[in-house]
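This report works through one protein model, strand by strand and then by side chain. Please keep the sequence and the coordinates open while reading.

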Amino acid sequence: HVVLSYDDVTAEGERLRRLVDLNLRRETSPSFVLSWTVRHVIDETSPFYGRTAEDLLAARAEVLVVFSGFHESFNQTVHARRAYGSEDIHWNHRLVDIFIQLQDGRSALNFARFHDVEPQADILL
């Protein structure tokens with residue numbers, strides 16, 4: 001579950017903290033044997049639409065991620081929560097692929113690259 005949290009002012013002038021659920025391309029995954037990237041499309045329905053990095057900083061925006069899933073090794077449900085501040089958002093970037101090819105041809109996950117990003121020239125808006 002992913003939520004955008006930010007400071008806002010109502011039409012009556014009341015200051016409040018808004019919580020807006022982000023629509024995700026895929027909200028669940030039946031398996032985490034490989035990896036999974038959570039994706040939110042920024043279109044006219046997105047709370048990010050038309051906003052700038054400065055807008056998000058001024059609103060003290062945060063992206064809140066709440067994750068739960070079944071861990072087969074432990075035979076129990078695990079939970080995690082992470083907050084990403086507006087300073088953590090990389091504009092016009094994408095996550096680096098964490099899959100690597102081993103010399104013997106097998107694929108592996110390189111978790112050292114888990115938070116790495118790279119510029120993305122072909123942004124679709």
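Two strands are taken to pair if DSSP finds at least two bridges between them, and the helices (H or I, at least four residues) and strands (E, at least two) are themselves DSSP runs, numbered from the N terminus. The model is predicted, so local features need pLDDT of at least 70 and side-chain atom pairs count only at pLDDT 80 or more, while totals for chains, interfaces and linings use all residues. Residues are numbered from 1 along each chain as its sequence is written, and side-chain values use heavy atoms, with hydrogens and water left out.

**Strand pairing**

| Strands | Direction | Bridges |
|---|---|---|
| β1 and β2 (residues 15-21) | antiparallel | seven |
| β1 and β3 (residues 62-71) | antiparallel | four |
| β3 and β4 (residues 76-85) | antiparallel | 10 |

Strand β1 and strand β2 form a hairpin with five residues between them, and G13 in that turn has a positive phi of about 90°. On the β3 side, V2 has V65 as its bridge partner. A hairpin is also formed by β3 and β4, here with four residues between the strands and with N75 in the turn at a positive phi of about 55°; in this pairing S68 stands opposite H79 of β4.

Burial is assigned by relative accessible area: under 20% is buried, over 50% is exposed, and values in between are partly exposed (1.4 Å probe, protein chains only). By this criterion β1 is mostly covered, with six of its eight residues buried. S5, which lies in β1 (residues 2-9), counts as buried because its relative accessibility is 4%. D7, also placed in strand β1, counts as buried because its relative accessibility is 19%.

Both side chains take part in polar contacts, meaning pairs of N or O atoms within 3.5 Å in which, within protein, one atom must be able to donate a hydrogen and the other to accept it, residues adjacent in sequence counting only if both atoms are side-chain atoms. The side chain of S5 makes such a contact with the side chain of R17 at 2.8 Å, and the side chains of D7 and R60 are joined by one of 2.6 Å. If contact is taken as heavy atoms within 4.5 Å, and residues up to four places away in sequence are not counted, S5 touches R17, R18, L19, R60, A61, E62 and L64, whereas D7 touches L16, R17, A59 and R60.

A59 lies in the loop between α1 (53-58) and β3, and it is buried because its relative accessible area is 10%. Not counting residues up to four places away in sequence, A59 touches Y6, D7 and R17. Although A59 and R17 are 42 residues apart along the chain, their C-alpha atoms are separated by 9.2 Å.

A nonpolar core is defined as a set of buried Ala, Val, Leu, Ile, Met, Phe, Trp, Tyr and Cys residues joined through side-chain atoms within 4.5 Å. The largest such core has 10 residues in all, namely V2, L4, Y6, L22, L24, F48, L56, A59, A61 and V63. Its largest share, three residues, comes from β1. Leaving aside neighbours within four places in sequence, F48 is in contact with L4, L22, H40, I42, L56, V63 and I89.

**Rings**

The charged end of R51 sits over the ring of Y6, 4.4 Å from its centre; the criterion is NZ of Lys or CZ of Arg within 6 Å of the ring centre and within 35 degrees of the ring normal.

Which arrangement does the aromatic pair of F111 and F114 have? Rings of Phe, Tyr and Trp (its six-membered ring) pair if their centres lie within 6.5 Å, with planes under 30 degrees apart counted as stacked, over 60 as edge-to-face and the rest as tilted. The structure holds one aromatic pair. The rings of F111 and F114 have centres 6.3 Å apart and planes at 40°, so this pair is tilted. F111 counts as exposed because its relative accessibility is 55%, while F114, at 45%, counts as partly exposed.
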